[in-house]
Amino acid sequence: MKAIIFHEQGGIDKLCYEDVRAPVIEPSEVLVRVRVCAVNHLDIRARRDRPEVQPFPHILGSDIAGDVVEVGHGVSDLTVGARVVLSPCIPCGQCADCRNGDENMCDFQEILGFQTNGGYAEYVKVPGQNAMPISPELAYHHAAALPIAYLTAWHMLVIRAEIRPGDDVLILSAGSGIGSASLQIAKLCGARVFATASTEEKL
Ligand SMILES: [Zn+2]
């Protein structure tokens, strides 16, 4: 398959468009044909110098939507052809947080495209539990915009802060992915929203 890969970390010139071997799935995994992969700021830091990045050569890309093209025999709730969005958090499934249903708190989790190969490619593999079907009305590019920015913003504002209609909410760095997601979620919840950004252009 075709993929954007880098063999060593550094500037944007390290990114190469090459032929690589397509992923081979385990029984608990599914193979997804990537339709859209969003660009996240994490990609830049991973390409530059983040020490957690593996494997090498590496394929970036954490926010992915696509079609299931192969299903491991241990996966029972997905079928070939399903349109899916991928959750980038791959928890260990065994620690106390995972057993309590708090997989997002798992200290041993891996992030898709950061500590595994990701979506800057024709195909990506993930555990079956990370692939969630999306409705026919939801476009791939809208689905791929959701995982990191919107889950993080939703968790902060709705789960942790429990914002209510009429609350005053200050969004710092509203030009960022999480900032712009937070702004939309806060308005959806009926809050009065204030925002800051580092430049007029971002505002
Ligand atoms: Zn865990």
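User: Which residues are buried in α5?

Analyst: Since this is a predicted model, what follows describes computed geometry. In α5, the buried residues are G179, A181, S182, I185 and A186. Seen down the axis of α5, these buried residues fall within an arc of 160 degrees, so they line one face of the helix. An α-helix has 3.6 residues a turn, so residues three or four places apart point the same way. On the other side of α5, K187 and L188 are exposed, while the cover over the buried residues of α5 includes α4, β10 and β11 (192-195).

The length of α5 can be checked as well: its 12 residues, at 1.5 Å a residue, should span 16 Å, and the end C-alpha atoms lie 17 Å apart, which agrees. At the start of α5, a side-chain oxygen of S176 comes to within 2.8 Å of the backbone nitrogen of G179, and G179 is itself among the buried residues of α5. After α5 comes G190, with a positive phi near 85 degrees.

Turning to α4, which is part of that cover, this helix runs over residues 147-160 and has a kink of about 25 degrees centred on W154. The buried residues of α4 are P147, I148, A149, A153 and L157, and what covers them includes α5 (177-188) and β10 (168-171), together with β4 (63-71), β5 (83-86) and α3 (140-144). Just after α4, E162 takes a positive phi of about 50 degrees.

Conventions:
Residues numbered from 1 in each chain as written. Predicted model: local features only at pLDDT ≥ 70, side-chain atom pairs only at ≥ 80, totals over all residues. Heavy atoms only, no water. Bend = angle between axes of the 7 residues up to and from the residue. Helix = DSSP H or I, 4+ residues; strand = E, 2+ residues; numbered from the N terminus. Buried < 20%, exposed > 50% of the residue type's maximum accessible area, 1.4 Å probe, protein only. Contact = heavy atoms within 4.5 Å. Expected span 1.5 Å × (residues − 1). Arc of directions from axis to C-beta. Polar contact = N/O pair within 3.5 Å; in protein donor to acceptor, adjacent residues only side chain to side chain.
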